[in-house]
Amino acid sequence: MLLPFYKYQGTGNDFVMVDNRTLFFPKENTKLVSFLCDRRFGIGADGLILLESDSQTDFKMVYYNSDGNPSSMCGNGGRCLVAFAKHLGIITDTTTFDAVDGKHRATIDSNDKVSLQMQDVSEIRQKDNYTFLNTGSPHHVQMVDELDAFDVKKEGAKLRYGLYGQSGSNINFVASNGSDGYMIRTYERGVEDETLSCGTGVTAVALAMHHTGNYKDNKVQLQAVGGDLEVTFDFDTENSVYKNVQLIGAAKMVFKGEIRCEF
């Protein structure tokens, strides 16, 4: 049959979007999801997102990695889904939606710049040369020298499997940009390669840099390979909790179409 779809990207992190409010999509078909995300034989994307109806919020986000398996929260995917929901006329400029890690609030302006509220973060593990935290997905944050020349895929895979086992973690390599923010390159589990951007990874880096004392402000500019993002937050010093964490950046439709596939 012909499957209608939309393609969105947020700082180069790209997603196949499917309006699944009628629940027609075979959600257990990992081979189909993997095919749709394949960059040679399918549409090509870092992940696939289903937009579904939800009784308590405006819509529900169902996210799959490009390997076809359901995954944890995707920040850039969430931002793109907000833009998709606006395109479908489900929302206007504000929304609340449900995702695998709970409810999220978001706003979107006339230029498709989305501010997505991420979950509160209270537990951050500090090691000698890295920081680990969960911002909806697990993230390893590590400062490195000469980030531009760093072999992200090779070194990221070593840590993803060697340090965190089969369940794994996303791996973020970070360097100061010399002024008011950080450059970041990310190896994403499920994609099993470097991606141009990772929303939960950018969020993790911002909080990790503040937690370790490398950055004092509560507004952080971050340069991913695919573009710039901003993270803002409030820090509850009494309870050591990061609250009102906002991931901010543009989300754009690339194209829409139909693809022939077997259900």
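Me: What kind of model is it, and how are residues numbered?
Reply: The model is predicted, and local features need pLDDT of at least 70, side-chain atom pairs count only at pLDDT 80 or more, while totals for chains, interfaces and linings use all residues. Residues are numbered from 1 along each chain as its sequence is written, and side-chain values use heavy atoms, with hydrogens and water left out.

Me: Is β11 buried or exposed?
Reply: Strand β11 covers residues 170–176, and six of its seven residues are buried, so the strand is largely enclosed by the rest of the structure. Buried means under 20% relative accessible area, exposed over 50%, and partly exposed in between, with a 1.4 Å probe and protein chains only. Strands are DSSP runs of E with at least two residues, helices are runs of H or I with at least four, and both are numbered from the N terminus.

Me: Which strands does β11 pair with?
Reply: β11 pairs with β10 in the parallel sense over five bridges, and with β12 (residues 181–188) in the antiparallel sense over six bridges; two strands pair if DSSP finds at least two bridges between them. Met 143 stands opposite Val 174 in β11, and Phe 173 stands opposite Arg 185 in β12.

Me: New topic: where is Glu 146, and is it buried or exposed?
Reply: Glu 146 lies in the loop between β10 (138–143) and α3 (152–162), and it counts as exposed at 67% relative accessibility.

Me: And how exposed is Asp 112?
Reply: Asp 112 is partly exposed, with a relative accessible area of 23%.
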